[in-house]
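Thanks, everyone. I have one model to walk through today. Please bring it up on your screens.

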Amino acid sequence: MSSWSRRETSTIEVMDFRKADFDKLRELVGKVPWEARLKGKTTEESWKYFKGTLLRAQKQTIPLCRKDRKYGKRPAWLNKEILHDLKIKKESYKKWKLGQLTKDEYRQATRECRGKIRKAKAQNEIKLATGIKGNKKTFYKYIKSKRKTKDRVGPLLSEEGEAVTGNLEMAEMLNDFFVSVFTEKSGGVPNVVNTSRERVSLEDRIHKEQVKNHLGKLDVSKSPGPDEMHPRILKELIEEVSEPLAMIFEKSWQTGEIPEDWKRANIVPIYKKGNKNNPGNYRPVSLTSVPGKIMEQVIKEIICKHLEGNKVIGNSQHGFVKNKSCQTNLIAFFDKITSLVDKGEAVDVIYLDFSKAFDTVSHDILIDKLGKYNLDRATIRWVHNWLDNRSQRVVVNGSKSCWKGITSGVPQGSVLGPVLFNIFINDVDIGIESTLIKFADDTKLGGVATSLEDRDIIQNDLSKLEKWSEVNRMRFNREKCKVLHLGRNNQFHTYKMGSDCLGRSMAERDLGVIVDHKLNMSQQCDAV
């Protein structure tokens, strides 16, 4: 039996869109008189009615099937022609063994088959590369399959040193760890939520066309959140669901009420690097409600319009900012650093590492900062309620942990998360004399270190950053904060954060680019 025909059994069930009756689904959802059904209902009640109606119709029209595992799928390059050639190759081998073909004839059949396979694989890779914009998931799935290191979860080690291999046990263990890094929640509602600041106009209301526009941009390859609202279905039913969703979004905006489903997240643990046994080496990525994300997009547009119009975000931030990127970050920083080194100056660059930055954002401090930056009351209220009383569970190979409360952080994988994080960290460089530049939480500090006075300025800036982290309840991982000494006359000064001396580094990976102490790109070229 061919290896491509073997199937590995799976307990995970998914919707079989190949057998879906979308016409029947449109008919069932389209005949609902949404305005009459949602009239007089709260945001939560309206959402539950919409969700229940769609899921019932979905159950009637889209069958389920077991999710294929690795060995149940045929490679994309393996077409009928190559299968035929493989069959000929196999028959040629049998004939050669029986003396019906010469060895040269068998080798010729093998070479022809191998050549066609190589050509098919190359064509498949070109197809994946050219179609990456429309199907990123398939492209990165292929890249992942070629990596030597697989990103599977576990096995994990418990505090007692015992191996944990069960999916449910690993999910519970990871969720316990992810929750343990949250900062404590203070009681009460921040004063800024109760202020009488005028609310911004959403052009009077959220329109159906606005919702249709967002639905049309949905990536159908993405996974649904805990509410099981799949982007493929929402996109297929644009005409039918845009009206009820616009009504629910409008109610949420007017009242500040957030459906509970929008505040829940399935956490997918993504392996970063280091020992796979350590739960700390996994990044929690949130899969949240797709309709909830569309509402987040509406709120994000309001926030970004305010931030850009009032030039709130400083020039030092290059992450998740319009017209800025990793490239602008690297160019802006190293253009200045290299020019100093070329002039004969000694330069010290300190790579700073926040510990669990996105997960430790204090909700109370964030809400206060939204008020200080003069966002309108309705937006602040909505964001506060969206962050308040969130919950999460970890999913490992289909096994789900128990729900646990979230007391801090902005969800990684959400639409609003990066924007809110930028607002939170925006004031970190106030009073800093050296050059400080950020890409989200990736922060580096650099400056001239030729004289003792120069080095004192950098040390004072580090002390200010340490003070900022204490006030804002974020911590630097001092062990991972490293100093890169540049320039011929560098004195290799030892810097401190608190009572800890920072380690010296000969080379650092800066936003994917390896920078060494000689500003030589040979290591980067070798890595590529």
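Start at Ile350. Its bridge partner in strand 13 is Val483. Keep in mind that this is a predicted model. Now widen the view around that pair. Strand 7 covers residues 347-352, and strand 13 covers residues 482-486. The two run antiparallel, joined by 5 bridges.

Next, the sheet. What is the order of its strands? Reading across, the order is 11-12-7-13-16. That makes 5 strands in an open sheet, with mixed pairing. As a reminder, strands of a sheet pair through backbone hydrogen bonds, either parallel or antiparallel.

Which strands stand at the edges? Strand 11, at 435-439, and strand 16, at 503-505. Each has a single partner strand, so one side of each is left without a neighbour in the sheet. On average, neighbouring strands here are turned by 25° against each other, ignoring direction.

Now the helix. Helix 12 spans residues 326-342. It lies across strand 7, strand 11, strand 12 and strand 13. Against strand 11, helix 12 runs at about 160°.

Last topic: backbone angles. Most residues other than glycine have a negative phi. Two asparagines here have a positive one. Asn389 has phi near 55°. Find Asn389 in the loop between helix 14, 377-387, and strand 8, 390-396. Asn397 has phi near 50°. Its loop connects strand 8 with strand 9, the latter at 399-400.

Methods. Residues numbered from 1 in each chain as written. Predicted model: local features only at pLDDT ≥ 70, side-chain atom pairs only at ≥ 80, totals over all residues. Heavy atoms only, no water. Pairing = 2+ DSSP bridges. Helix = DSSP H or I, 4+ residues; strand = E, 2+ residues; numbered from the N terminus. Axes fitted to C-alpha atoms, helices over the stretch in contact; angles between N-to-C directions. Contact = heavy atoms within 4.5 Å.
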